[in-house]
Amino acid sequence: ELSKTGWLLDITKLKLGKNIGEGEFGAVHEGHYMGQRVAVKTIKCDVTAQAFLQETTVMTKLQHKNLVRLLGVILHKGLHIVTELMTKGNLVNFLRTRGRSVVHSVQLLRFALDVCEGMEYLESKKLIHRDLAARNVLVSDDSVAKVSDFGLTKVDSKESDNAKLPVKWTAPEALKKEKFSTKSDVWSYGVLLWEIFSYGRQPYPKMSLKEVKEKVEGGYRMQAPDDCPPGVYSLMRMCWEPEPRRRPAFHKLREKLEREMGKLSPGCRE
Ligand code: ATP
């Protein structure tokens, strides 16, 4: 199927470079494919490879400036997934290594908007990400943030593996009743906003996963990060509404973020 649709790439045209990351299932290398700079994720285990082949089937149908673009796959001693190279790495490391003196609030809001637009696109395709977090957002050479890791993305909201859920990012109804939806992605997006405005801090600092589950269920919410614009914090709180229906949709969040951008940088809007 992949070969017919042009997603099967030619191994002889791939030049592998240095290791740039370690995923749960395999290493990530930078490289070149027919002159273009690429990232290559290699999965050696056959069973996992099958699952990833599914991930890429989802990815072939998605094209947006704020989603990491799939170029194709290579089947050779396992599976190689070839995507566009995001030279500035994941958003957590980007923010941690640069910090407040280098990255200003307009740039933070720009990242927030980038991710929101990518998610608005997934929302329009009725796709649920399920693992939205700053570690799964990558930054391009020109500092555009793009959503990656569609590993858990599914069209329907059933079947999941509870043990693997990223507790600090997962909505209460998804943790308790496995009810995943675009609105549970919105919850995760709220946590991601918190990560962005705290320059890559671990959410719910010093709290155990068990504690987070219990406290959040009881109504506890994280405080605003230092120097976070009040309008942005109020968006986080909307994302963390207990009732999924009351959380804003991504297209609403985008409008609100654009307004925040207008307040912050009257001269710098795109
Ligand atoms: P998975 O659970 O799917 O294995 P993961 O979250 O464990 O994913 P990967 O997505 O495999 O991790 O990526 C690991 C690291 O490699 C990332 O944090 C990032 O730093 C780097 N990386 C991954 N993809 C790219 C890319 N396209 N461009 C640049 N760096 C990348």
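**Ligand shell**

I started with the ligand and found that β1 supplies the largest share of the shell around it, 3 residues. I kept in mind that this is a predicted model. Which residues come nearest to the ligand? I got Gly 21, Gly 23, Glu 24, Ala 39 and Met 86, out of 20 residues around it. Then I checked which elements give two or more residues to this shell, and noted β1 (14-22) and β3 (36-43). Sorting the shell by class gave me 8 nonpolar, 8 polar and 4 charged residues.

**Two helices**

Next I looked at helix α4 (residues 105-124) and helix α6 (residues 182-197). Their axes come within 10 Å and cross at roughly 165°. Angles over 145 degrees count as roughly antiparallel, so α4 is roughly antiparallel to α6. Is the crossing left-handed or right-handed? I noted it as right-handed.

I also wrote down who makes the contact. From α4, I have Leu 108, Phe 111, Ala 112, Val 115, Met 119 and Glu 123. From α6, I have Thr 182, Asp 185, Tyr 189, Leu 192, Leu 193, Ile 196 and Phe 197. By class, this contact has 10 nonpolar, 1 polar and 2 charged residues.

**Confidence check**

How far can I trust all this? The chain averages a pLDDT of 91, and 91% of the residues score at least 70. I did spot a stretch, residues 155-159, where the pLDDT is below 50. That stretch has 6 contacts in the model beyond near neighbours in sequence.

Definitions and conventions: Residues numbered from 1 in each chain as written. Predicted model: local features only at pLDDT ≥ 70, side-chain atom pairs only at ≥ 80, totals over all residues. Axes fitted to C-alpha atoms, helices over the stretch in contact; angles between N-to-C directions. Helix = DSSP H or I, 4+ residues; strand = E, 2+ residues; numbered from the N terminus. Parallel < 35°, antiparallel > 145°, perpendicular 65-115°, else oblique. Left-handed = near helix turned anticlockwise from the far one by under 90°. Contact = placed C-beta atoms within 7 Å. Nonpolar A, V, L, I, M, F, W, Y, C, P; charged D, E, K, R; others polar. pLDDT = per-residue confidence, 0-100. Near = placed C-beta within 6 Å.
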